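Please read the numbered points alongside the sequence and the model.

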Amino acid sequence: MKNTIVINTDIEKGKINRNIYGHFAEHLGRCIYEGIWVGEDVNISHTKGIRNDVLNALQQLNIPVLRWPGGCFADEYHWKDGIGTREERKRIVNTHWGGVVENNHFGTHEFMLLCEFLGCEPYICGNVGSGTVQEMSEWIEYMTFDGESPMANWRKENGRTEPWHLKYFGVGNENWGCGGHMRPEYYADLYRRYQTYARNYGENRLYKIAGGPNVDDYNWTEILMKQAGAFMDGLSLHYYTIPGDFWKGKGSALNFTEDEWFISMNKALYMDELITKHSTIMDQYDPEKRVGLIIDEWGTWFDVEPGTNPGFLYQQNTIRDAVIAALHFHIFHEHCDRVQMANIAQTVNVLQAMILTEGDKMLKTPTYHVFDLFKVHQDATLLAIESDIEIIKRGEIEIPKVTVSASKDASGICHVSLVNIDVENSVNVELFLQGIEGNLELSGTVLTATVQNAHNTFDQPENVSPAEFRQFQLENDTIDVQLPPMSITILKINS
Ligand code: AHR
């Protein structure tokens with residue numbers, strides 16, 4: 001069959017919030033320590049303790065927002081342990097992630113510095129599970145109060161005179177699980193209470209995010225929206241793509257069959273159903289769509305690499321991860337009326353990471369390149385698309401061969417991203433551009449591979465990397481493209 005896509009460059013569907021391209025860095029395994037923070041007394045090149053190679057690579061991505069310090073760690077984190085002279089900071093046990101010593105050398109000041117270096121908004125997740133209202137309230141006072149107060153004075157004593165700007169604040173994490181094993185009714189009340197004391201000081205305005213459901217727990221969304229919807233700006237949702245079973249074996253990041261490829265794709269595409277159903281519930285309580293759905297944890301979750309600490313969640317990253325990332329972005333774009341932010345888990349060395357490090361070496365993963373290629377969609381206008389695409393049938397699985405998204409940026413340039421999910425076959429697609437006139441200039445970039453588990457290593461860090469895309473023919477307003485198997489292609493259309 002012929003695959004056709006009509007891109008209506010004159011029908012705008014909404015704005016793609018750049019925060020959809022957000023990230024998440026937890027005190028977990030080697031994400032913060034080694035991956036980002038190396039301290040000031042090492043031979044690895046750094047700026048004030050933050051490693052420069054990783055920083056430079058992340059700066060390239062235009063990261064809009066970074067979530068920290070967890071995750072499950074957030075509901076065990078006591079922020080006062082992480083300020084003041086580093087050598088005197090409390091050494092605690094990271095009970096959730098590997099039982100290792102957490103020396104608290106990376107705390108509030110270091111995180112805010114990282115955000116300044118990245119030019120991104122900080123998104124801090126507070127502790128509801130094991131922390132007090134006072135502790136949470138004082139943290140916000142410490143960070144954002146400009147004037148004379150016990151916490152602001154303390155901040156100044158610790159070297160920071162000006163308050164920080166802090167917009168995004170999470171009131172707990174996974175409070176149905178590691179964040180306190182609460183029932184939604186109980187958490188909804190706690191949320192109302194804790195958020196009351198999350199104050200707006202001076203000009204600073206908090207965007208408060210409530211801990212949302214686990215995957216398809218629609219009852220959680222219903223109760224939260226009904227009982228606390230009026231007190232929140234965002235509600236989080238967590239969903240990971242796990243080809244196997246979370247407890248019995250998630251599957252390997254590198255050694256997987258073609259069947260597992262398609263299972264992974266199918267599971268990634270499930271994100272669409274989840275967002276649709278949670279949004280439908282939210283619509284009943286918030287028809288104006290004031291409250292954002294915040295997908296503040298998403299990505300692939302495989303078994304850890306053999307021989308690594310099971311509590312560190314270190315996994316390799318292949319072209320499969322890249323395709324999955326692109327599929328997610330296409331879904332998030334389509335839901336841009338409700339999805340205001342998404343944060344991939346996690347930035348470095350943990351789960352579906354952008355970057356892997358080993359000592360002083362680092363590499364960019366295939367997923368990194370998707371974030372780099374797709375940054376052109378940040379804050380762009382989503383365009384309406386109609387498509388007729390072949391379906392892949394594989395046992396019980398039925399998924400489209402190709403997914404697509406198109407946007408127009410502030411200068412009028414259109415970008416079309418296309419994913420060929422098929423692992424074996426290239427696919428021919430005819431793109432019709434409606435509402436565009438004049439001579440078109442077209443260029444493209446592609447990320448692809450010849451084997452399904454292609455990945456980058458410290459010896460071959462460029463194995464999977466973007467290349468110029470030339471397999472297209474432009475005639476008037478029609479583009480004929482040949483998408484390679486397992487590929488992500490971005491077309492740039494200038495009129
Ligand atoms: O990202 C790893 C963990 O997954 C997070 O700490 C937790 O919130 C989720 O279950």
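1. N104 is located in the loop between β7 (100–102) and α2 (108–118). Helices (H or I, at least four residues) and strands (E, at least two) are DSSP runs, numbered from the N terminus. The phi angle of N104 is near 60°, a positive value in a residue other than glycine.

2. The model is predicted: local features need pLDDT of at least 70 and side-chain atom pairs count only at pLDDT 80 or more, while totals for chains, interfaces and linings use all residues. Residues are numbered from 1 along each chain as its sequence is written, and side-chain values use heavy atoms, with hydrogens and water left out.

3. Two cis peptide bonds deserve attention. One runs from W68 to P69, with omega near 5°, and P69 belongs to the loop between β5 and β6. Another joins A345 and Q346, with omega about -5°; Q346 lies in the loop between β13 (339–345) and β14 (355–358).

4. The structure contains one disulfide (a pair of cysteine sulfur atoms within 2.5 Å). Its partners are C72 and C178, whose sulfur atoms are 2.2 Å apart. The link is left-handed, with -85° about the S-S bond. It connects distant parts of the chain, 106 residues apart: C72 is in the loop between β5 (65–68) and β6 (92–94), and C178 is in the loop between β9 (168–171) and α5 (184–196).

5. Which residues are closest to the ligand? They are E26, C72, E174, Y240 and E297, among 13 residues that surround the ligand; a residue is near a molecule if one of its heavy atoms lies within 4 Å of it. By class, this shell has seven nonpolar, three polar and three charged residues. Here Ala, Val, Leu, Ile, Met, Phe, Trp, Tyr, Cys and Pro count as nonpolar, Asp, Glu, Lys and Arg as charged, and the others, Gly among them, as polar.

6. Polar contacts (pairs of N or O atoms within 3.5 Å) may be inspected next. An oxygen atom of the ligand is 2.8 Å from a side-chain N or O atom of E174. For Y240, the distance from a ligand oxygen atom to a side-chain N or O atom is 2.7 Å, and for E297 the corresponding distance is 2.7 Å. The protein covers 93% of the 280 Å² of accessible area that the ligand has on its own, by the Shrake-Rupley method with a 1.4 Å probe.

How values were computed
Polar contact = N/O pair within 3.5 Å; in protein donor to acceptor, adjacent residues only side chain to side chain.
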